[in-house]
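Here is a short report on charged pairs and pockets in one protein model. Keep the structure open as you read.

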Amino acid sequence: MLSFVLFYCILSMTWNDIEFSFNRALRLSFSINKLLFVFVVLWCCGFGLLLCRSFGLQTQDWLMLNWNFLPFFAIAILGLSLGVLLVRLYNDEIKERKMDYRKTFSLSKRVMVEIAYLGMPLIIGYLILWTILGLFYLIKELPKVGWALGVFLSFGPFLLFLSMVCLFVLFLILFFFLTPIVALRDCLPKEWIKCMLSRMSHSLLTNFILFIISVIPVGCILGLLVISLDMTHAFYLSSANPLDLVLIMLPVSVLLAPGVVFFFQFAAESHILMIQKR
């Protein structure tokens with residue numbers, strides 16, 4: 001079955017093209033300067049996440065949910081801007097231009113802010129879902145009938161939580177499909193979303209496979225890190241305060257940085273491949 005899918009995918013795009021793009025994106029993911037820059041960003045994001053979770057420990061379930069979810073969306077907004085910068089640096093690198101981080105950042109500041117604004121509707125959507133969820137918490141606290149109504153209406157919170165997760169998946173889609181379009185200036189800002197949807201609809205299966213390939217390294221690394229963090233927190237630190245994990249975020253950020261760099265670089269490679277396919 002897998003061979004059939006891959007065969008369908010490479011009818012107009014040879015497997016050698018994908019392998020070359022994958023190998024180049026992977027090889028150039030270990031640039032010391034890029035890794036150091038991404039490491040600092042990841043550690044700051046991790047520290048902010050742990051800080052928010054520690055604040056949420058003293059709140060009720062509904063507020064605690066916001067302290068746990070909202071930082072991920074804020075980090076995702078930052079990730080869009082980070083992706084634009086990494087794609088532009090990668091574009092200079094594969095064209096063998098001299099990489100000037102300060103100059104690239106200076107030239108990218110405006111577009112980094114503009115793409116960050118595109119993520120705001122998703123955050124607003126999350127806040128709307130979170131507010132609606134609060135109504136279910138209020139219903140559950142009603143005297144005598146609250147528990148029964150809460151169980152009867154439990155499908156509502158389930159659908160709301162599912163919608164929140166889907167919003168975060170939409171951020172991943174923006175990371176992969178939108179950041180190369182914005183970074184490489186393939187269209188005007190008002191046409192960014194239109195260009196992204198056009199590319200996605202052109203060959204849905206091929207885009208899906210390329211997206212999965214880009215997610216596999218960072219997904220595997222992140223999965224191992226989360227399991228290790230949970231085990232360390234549960235069996236060694238044995239503390240309820242997430243801030244105990246601040247120093248552990250240093251090796252976590254170091255190990256996660258290559259996966260993040262590869263994700264955005266392969267996103268750029270995939271964008272170029274899809275342009276050539278057209």
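Arg-97 and Asp-92 form a salt bridge, with their closest N and O atoms 3.1 Å apart. This is a predicted model. Side chains of opposite charge can pair when their charged atoms come close. The two partners sit in unlike surroundings. Asp-92 is buried, at a relative accessible area of 12%. Arg-97 is partly exposed, at 45%.

**Salt bridges**

How many salt bridges does the structure hold? There are four.

| Pair | Closest N to O distance |
|---|---|
| Arg-97 and Asp-92 | 3.1 Å |
| Arg-110 and Glu-114 | 3.4 Å |

Is Glu-269 buried or exposed? Glu-269 is buried, because its relative accessible area is 1% and the cut-off for buried is under 20%.

Arg-110 and Glu-114 are arranged in another way. Both lie in helix 5 (residues 101-118). They are four residues apart, about one turn of the helix. Arg-110 is exposed, with a relative accessible area of 64%. Glu-114 is partly exposed, with 25%.

**The largest pocket**

Now turn to the pockets. The largest has a volume of about 1200 Å³. Its lining has 38 residues. Leu-49, Phe-72, Ile-75, Leu-222 and Leu-256 lie nearest the centre. Helix 3 (32-56), helix 4 (61-94), helix 8 (155-183), helix 10 (204-237) and helix 11 each give two or more residues to this lining. Which helix gives the largest share? Helix 10 does, with nine residues. By class, the lining of the largest pocket holds 30 nonpolar, six polar and two charged residues.

**The second largest pocket**

The second largest pocket holds about 320 Å³ of space. It is lined by 13 residues, and those closest to its centre are Arg-88, Asp-92, Arg-97, Thr-104 and Leu-107. Here Asp-92 and Arg-97 return, the partners of the salt bridge that opened this report. Helix 4 and helix 5 each supply at least two lining residues. Helix 5 provides the largest share, four residues. What classes make up this lining? The lining of the second largest pocket has seven charged, three polar and three nonpolar residues.

Methods: Residues numbered from 1 in each chain as written. Predicted model: local features only at pLDDT ≥ 70, side-chain atom pairs only at ≥ 80, totals over all residues. Heavy atoms only, no water. Salt bridge = Lys/Arg side-chain N within 4 Å of Asp/Glu carboxyl O. Buried < 20%, exposed > 50% of the residue type's maximum accessible area, 1.4 Å probe, protein only. 1 Å grid on protein atoms, 1.4 Å probe; cavity = no way out; pocket = protein on both sides within 12 Å on 5 of 7 lines; lining within 4 Å. Points joined across faces, edges and corners; volume = space filled by probe spheres on them. Nonpolar A, V, L, I, M, F, W, Y, C, P; charged D, E, K, R; others polar.
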